[in-house]
Structure formats: structure tokens, C-alpha cells
Amino acid sequence: MKMNIKRILSGIIGTALVLGMLVGCGQVNAKGNNVSEETSESQRVIRLGNFAFSIWNAQIIVAYQNGYFDEVFADDNVSIEVIDFANGPAANEAFVAGDLDIINGIGDQPIVVGISNDVDTKILAGAAKQGENIGVIASKESGITAVEDLKGKKIGVYIGTYVHKSIIGILNDAGLSEDDVELVNITSTSDATAAFDSGDIDAYLSMSGDYIHQKLDEGYVVVTDCANHPAFSYIVASSAFISENQDLVEEFIAALVKAQEWIDDNPEEAYKVIAEFSGNDVDVVKNTIEGADIKLSWDDDYENNLFETYDFLYSHEMISKELTNEEILERIDTSIIDKYSN
């Protein structure tokens with residue numbers, strides 16, 4: 001049968017939202033109806049960490065909607081719990097506490113910080129390179145129309161996440177440095193709106209294409225996108241979980257690959273599926289996916305980005321542990337995704 005969805009509050013991260021995408025017994029569907037009260041002692045659980053930007057979960061949404069999880073787990077009694085996290089550091093804490101098995105779409109900076117703190121995870125694949133779909137916005141009244149205009153201005157950015165490095169690269173390309181601007185830590189689009197309204201920021205590097213389109217409708221302008229300094233995200237898993245559940249990890253990735261292939265072959269239909277599930281407009285989904293490289297894969301860009309991220313974090317004294325490239329490479333296991341490489 002097709003997986004059922006339920007919404008409950010997670011005790012892992014306070015009021016984090018959990019979507020239980022479930023195969024088997026004893027679950028409640030989206031309408032709150034009991035599927036069955038029986039649970040099997042042999043049921044196995046995948047606790048899947050996720051972030052709230054639903055469009056980035058394109059493969060997971062399609063794998064669920066098209067029944068690919070049911071296909072790959074047909075011979076298993078498996079429950080997948082999807083747990084939303086506010087940020088990468090919170091997800092790392094869940095790994096340390098043993099409360100998480102796999103995470104989809106975690107940024108490069110939390111990964112490298114986790115490696116430096118001996119968080120025992122493996123990087124399984126690249127998830128997305130966000131470039132043209134995200135960027136710096138400012139109000140028309142600010143007079144900011146080019147990156148050079150940011151000198152002396154206050155820029156909102158989620159410090160410590162994957163776009164932190166992006167804004168530094170954008171500034172450097174224009175001959176500016178961090179010392180030429182004031183970076184203000186903004187952790188959500190709602191905080192960005194409040195900061196714009198209060199004058200606490202002059203510009204904002206948004207990680208959400210939906211928010212950018214919303215602000216464009218309000219008369220804001222895009223100063224620049226992140227095409228030259230994309231934000232990378234990855235799929236990672238607990239080393240212990242991989243060791244004990246290699247078959248489930250392989251089947252999970254297989255479902256996402258099936259979904260990716262269907263998205264590639266049926267983009268317009270996929271946009272509608274993702275839009276309906278995530279609550280976004282179809283145009284927003286289309287612009288987001290087409291403006292980013294949201295695709296399960298592995299290449300030199302994903303690998304080299306991890307090295308560059310380490311250099312950035314270490315030079316900015318955001319981590320103190322020295323790491324070699326070899327130590328970072330030891331945390332990469334692309335043996336599963338490599339099976340699907342052309």
C-alpha cells in the first residue's frame with residue numbers, strides 16, 4: 001500500500017515538525033484515520049532529517065507521491081519519519097545524540113563543522129547547487145542596485161550556513177571585503193522582513209526563491225544572484241546506521257534516484273506534484289528548480305567545495321581544528337550514488 005502521512009510534534013528539537021511517511025502497520029494517515037493498531041516487532045525505522053524548504057525535497061516528495069518508497073521497500077517492514085530541523089547545527093546535535101539516521105539537504109558548513117567536532121557521519125551524495133534561484137535583494141528606496149553599492153551597508157545573512165561563504169565571495173568579486181560591510185545574522189525570512197521594516201538591514205541574501213519573488217512583487221530588486229558562488233547541500237547519514245542498515249540506505253537512495261529520473265523526464269508534471277505537496281505556486285517551484293541544480297549526484301564541484309568550505313571556516317576562526325583534505329575525503333562514501341552515474 002502507499003505510505004501514509006501523519007503530523008506529530010517531535011521531542012527531538014522542541015516543536016520540530018515530523019511527517020511520518022510510513023510503510024506497514026499501526027499508523028495514522030493524513031486525515032487522522034487509523035490504518036492499523038498492530039505493529040510488528042521487526043519494523044525498522046529510518047529517521048530522516050529535513051529542512052523546511054520543501055521544494056528542495058523534490059525527490060522525496062515525488063518518491064512518496066509516485067510510490068517509489070513502496071517499491072524499494074516492498075520486502076521490508078519500514079517506517080520513515082521525516083523530521084524538520086531549523087538549521088544544520090541542530091541536525092548535527094541530533095546525530096550526536098543518536099536521534100537521526102539520514103539527513104537530506106544539509107549545507108556544507110554544518111557538515112565541515114561536524115567533521116571537525118568528530119560527528120560520525122558519512123556524505124552519501126550531493127543534493128543541490130543553488131545559484132541563480134537565490135541571491136541578494138534590496139528595496140528600491142535603498143539605492144542599492146549593484147554589489148558595489150553594498151559598501152558601508154548592513155546585509156542580512158544566515159551566518160554559519162552555506163550562504164555565509166557565498167556572500168563573502170560575492171563581495172570579494174566586487175573588490176569588497178567583510179570589513180566594508182556589516183553582516184547581520186538573519187535566520188528566517190520573517191526575521192528579514194522585520195529587519196527591513198525596522199531599518200536594521202539594507203539588503204538580504206535570501207536562501208528562499210519564494211521569498212525573493214514575494215519581495216519582487218513588493219518593489220524590491222535583485223542586486224545579484226549566487227550563480228558564481230552557489231550554495232551546496234548534501235545527503236549525509238550516520239556511520240553507525242549505514243553499518244547496521246546498508247540495505248535500507250541503498251533502497252532509500254534507489255527511491256530518490258527513481259524520483260529524480262521521473263522529474264527529469266516529466267518536468268512540468270513534476271512541478272505540479274511538488275507544488276501541490278509543498279503548498280507553493282507552480283511558477284515558484286519551476287523557477288526554483290530551473291534556477292538551481294537540484295539533483296542527486298557527485299562531481300568534483302561537490303568535493304572541492306568541502307575543501308574550500310573548510311578553508312573558509314578555519315580562516316574565519318569558526319573552527320579551530322586543523323583538517324587535511326584526506327581527513328575530509330574519509331567522510332565521503334559515494335559508493336551507492338556512483339552506481340547510478342552515467
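Reader: Where is Thr161 found in this structure?

Author: In this predicted model, Thr161 is found in the loop that runs between strand 8 (154-157) and helix 5 (162-173).

Reader: What makes Thr161 count as buried or exposed?

Author: The relative accessible area of Thr161 is 8%, and since buried means under 20%, Thr161 is therefore called buried. Leaving aside neighbours within four places in sequence, Thr161 is in contact with Gln109 and Met207.

Reader: Why is helix 1 described as roughly perpendicular to helix 10?

Author: The axes of helix 1 (residues 58-65) and helix 10 (residues 267-278) come within 10 Å and cross at roughly 95°. Angles of 65 to 115 degrees count as roughly perpendicular, and helix 1 is therefore roughly perpendicular to helix 10.

Reader: Which residues of helix 1 and helix 10 meet, and how do the residues of this contact divide into nonpolar, polar and charged?

Author: From helix 1, Ala58, Ile61, Val62, Tyr64 and Gln65 meet Val273, Ile274, Phe277 and Ser278 of helix 10. The residues of this contact divide into seven nonpolar, two polar and no charged.

Reader: How do you know whether Glu317 is buried or exposed, and where does Glu317 lie?

Author: Glu317 lies in the loop between helix 12 (300-315) and helix 13 (325-329). With the cut-off for exposed set at over 50%, the relative accessible area of 73% makes Glu317 exposed. Phi of Glu317 is near 55°, again a positive value in a residue other than glycine.

Reader: Which residues touch the most other members of the largest nonpolar core, and which helix gives the largest share of this core?

Author: The largest nonpolar core holds 103 residues, of which Phe69, Phe73, Tyr234 and Leu306 touch the most other members. The largest share of this core comes from helix 9 (residues 246-265), with eleven residues. Apart from this core lies another one, of eleven residues, including Val184, Phe196, Tyr204 and Tyr220.

Note on methods: Residues are numbered from 1 along each chain as its sequence is written. This is a predicted model: local features need pLDDT of at least 70, side-chain atom pairs count only at pLDDT 80 or more; totals for chains, interfaces and linings use all residues. Side-chain values use heavy atoms; hydrogens and water are left out. A nonpolar core is a set of buried Ala, Val, Leu, Ile, Met, Phe, Trp, Tyr and Cys residues joined through side-chain atoms within 4.5 Å. Buried means under 20% relative accessible area, exposed over 50%, partly exposed in between (1.4 Å probe, protein chains only). Helices (H or I, at least four residues) and strands (E, at least two) are DSSP runs, numbered from the N terminus. Axes are lines fitted to C-alpha atoms, for helices over the stretch in contact, and angles run from 0 to 180 degrees between N-to-C directions. Angles under 35 degrees count as roughly parallel, over 145 as roughly antiparallel, 65 to 115 as roughly perpendicular and the rest as oblique. Contact means heavy atoms within 4.5 Å. Ala, Val, Leu, Ile, Met, Phe, Trp, Tyr, Cys and Pro count as nonpolar, Asp, Glu, Lys and Arg as charged, and the others, Gly among them, as polar.
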